[in-house]
Every structure is written in C-alpha cells, then in structure tokens.
Amino acid sequence: MVVDDGSTDGSAEFLKRRRKTACNQRLIRSRNLGVAKARNLGWTNTNADTVIFTDAHLNFPRRWWQTMTELVEDPSVGAAAPGISMMGETARRGFGLNLRTPELSAEWLDMANREPHAVPVLPGACMAVRRRVLELTGGPDSGMLRCGGVDNEFCLRLWLLGYRLMIVPDVVVEHLFARRGYPITWPTIMHNRLRMAFIHFDRPRIRRVIRALRGASGFVDGLSLLAGTDISEQRARMRERRLHHEDWFFEKFGHNW
C-alpha cells in the first residue's frame, strides 16, 4: 500500500506502470494530509494483521521485517522497529530515540545491546505495528500537522496505554535524511510538541515545556494553531484509558525534568 500524499515529482508514476504485474499492490493518492493522516489512510485501507509503516526513501537488508513482525505478535508489544542509519554514511546509526529535555526534541540512542530491547521512542521511518493495536489506539494522532513529533506522540501514547516498544539492533535500515516529503515549518513543529504536552502531561510538566519552548521560533504561531482543536477531549480520553502516568514513563527512561 503506497500513499502518495500530494507529490509533484512523479515519484509514484512507476507504480501505475507496474500495477498489472505486481501482486497485492495498491496506490492511494491524497493531497497534503501530513504524516499521521496519510499513515492512517494507508492502514485503514488494508486488512493485514501486521502493518509496517515505511518512508519512501529507504534501503532494506535481507529479511528485514522478520524479527519485527515476530515481536509484535506478543500482545504486550505495541510496536517494533530496526536501527536506522544515514544513507551513504552507514556508520552513523541510531537505535531508537529519547526525549531528554522539555523542548521535546527527540535524540537518537546508541546501541545498548544486540538483543531486542525497549526504547522510549521508535523511528517512524520503519515501524511494525499489529493491526489490533492500531484499531485499539486509533493509530497516529490525526491532529498532528505535517511532520515532526508524530512518532514521539504515538510512542508515548502506546507506552502509557500499557504496551512495550522494541528496537531490533541486528537489523539496520538505511534512510535518506536529506529528502523532505513535507515543508518543515517551526509553527507546525511547535504545534505538534505542544499538542503532545497538553494531551499527555500534568500541569507542572506542561509549564516546563512552555518555558523551554516560548523563546523558540514559531512558538506563538504554533500555540495559536491549537485553538479550537480537540486537545481537551483527547486529554480526557487518555486519562480514562491509560495504565501509566507520564511520571512512570519519565522515570522508566531516566528523564529528570
């Protein structure tokens, strides 16, 4: 399933030429939905038991999917992902991400060990999720705009709902980081970080996030983008359903803010 979310470079045209010969291949064209809504459009138009979200600009090793799909068969595992390297500079590798500061800027983790293990945030560039988990959680937050912070919110939500997130260090997928699918603007990045904070954090932690971000480019515009959105409803829904408080998450992964 390929979701072409408003590309203008003809990058999906080859799929139309291959459609008659390729098996189980579908192309959906949308227009500037953003990462979260595009992924939701994709998985809701499939009936597979396991969904693997992948960016378009990746190189995969042999049998890259095997361990991830085996891991998510465990009902306690919400999602799994491989290590990610920079295409052309494969020595630069990350094995999951962390949210170490109240700016909520994700930082790559080094390899902790070679066995699959839990990490705070998985790289959304290549992430396996069991369909049942997507159905129960709603998938990526459709209130997120464009890109930036989408995976952080989804992974935090899975942890708070009681799932584990696993990285597979023995599998490394190459990612072309230079290519951008959506315009990167600070107001939408600020919106996404603030949306995650307002939905999931208590008031003292929200204040820390605001203090950390208020001098950043796009903060005021990002805050205004939240007006009239569904954050109050989403916050109430999470508090009814979650198994863990956000303090549990921060303590588990050694955050001290």
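These legends describe a predicted protein model, first as a whole and then in close-up views. In this predicted model, local features need pLDDT of at least 70 and side-chain atom pairs count only at pLDDT 80 or more, while totals for chains, interfaces and linings use all residues. Residues are numbered from 1 along each chain as its sequence is written, and side-chain values use heavy atoms, with hydrogens and water left out.

Figure 1. Helices (H or I, at least four residues) and strands (E, at least two) are DSSP runs, numbered from the N terminus. Along its principal axes, the C-alpha trace spans about 55 × 40 × 35 Å.

**Figure 2. Surface, burial and charge of the protein.** Of the 257 residues, 46% count as buried. Buried means under 20% relative accessible area, exposed means over 50%, and partly exposed lies in between (1.4 Å probe, protein chains only). The protein exposes about 13200 Å², and carbon and sulfur atoms supply 48% of that area. Accessible areas come from the Shrake-Rupley method with a 1.4 Å probe; for residues, only the protein chains shown count as cover. There are 38 positive and 28 negative side chains. Lys and Arg count as positive, Asp and Glu as negative; His and the chain ends are not counted. The centres of the two sets lie 3 Å apart. Each charge is placed at NZ of Lys, CZ of Arg, CG of Asp or CD of Glu. Contact means heavy atoms within 4.5 Å. Among contacts between residues at least 6 apart in sequence, 77% join residues at least 24 apart.

**Figure 3. Helix H6, residues 186-200.** H6 has 15 residues. From its first C-alpha to its last it reaches 21 Å, close to the 21 Å expected at 1.5 Å a residue. The expected span is 1.5 Å times one less than the number of residues. Twelve of the 15 residues are buried, so H6 is largely enclosed by the rest of the structure. Among the buried residues are Thr 188, Met 190, His 191, Arg 193, Arg 195 and His 200. Their cover includes helix H5 (150-160), helix H7 (203-213), helix H8 (219-225), helix H9 (231-241) and helix H10 (246-252).

**Figure 4. Asn 192 and Phe 198, two residues of H6.** Asn 192 is buried, with a relative accessible area of 1%. Leaving aside neighbours within four places in sequence, Asn 192 is in contact with Met 144, Leu 145, Cys 147 and Gly 148. The C-alpha atoms of Asn 192 and Ala 12 are separated by 28 Å; the two residues are 180 apart along the chain. Phe 198 is partly exposed, with a relative accessible area of 22%. Beyond neighbours within four places in sequence, the contacts of Phe 198 are Ile 206, Ile 210, Leu 223, Leu 226, Ile 231 and Arg 235. Val 209 sits eleven residues from Phe 198 along the chain, and their C-alpha atoms are separated by 9.6 Å.

**Figure 5. Trp 159 in helix H5.** Trp 159 is buried, at 2% relative accessible area. Not counting residues up to four places away in sequence, Trp 159 touches residues including Ala 118, Val 119, Pro 120, His 244, Trp 248 and Phe 249. Arg 164, Leu 165, Lys 252 and Phe 253 are also among the residues that Trp 159 touches. Trp 159 and Cys 126 are 33 residues apart in sequence and 18 Å apart in space, C-alpha to C-alpha.

**Figure 6. Arg 211 in helix H7.** Arg 211 counts as partly exposed, at 47% relative accessibility. Arg 211 and Thr 46 are 165 residues apart in sequence. In space they are 42 Å apart, C-alpha to C-alpha.

**Figure 7. Asn 32 and Arg 63, each with a positive phi.** Most residues other than glycine have a negative phi. Phi of Asn 32 is near 55 degrees. Asn 32 is in the loop between strand E2 (27-30) and helix H2 (35-43), and counts as exposed at 53% relative accessibility. Phi of Arg 63 is near 50 degrees. Arg 63 is in the loop between strand E4 (58-59) and helix H3 (66-71), and counts as partly exposed at 48% relative accessibility.
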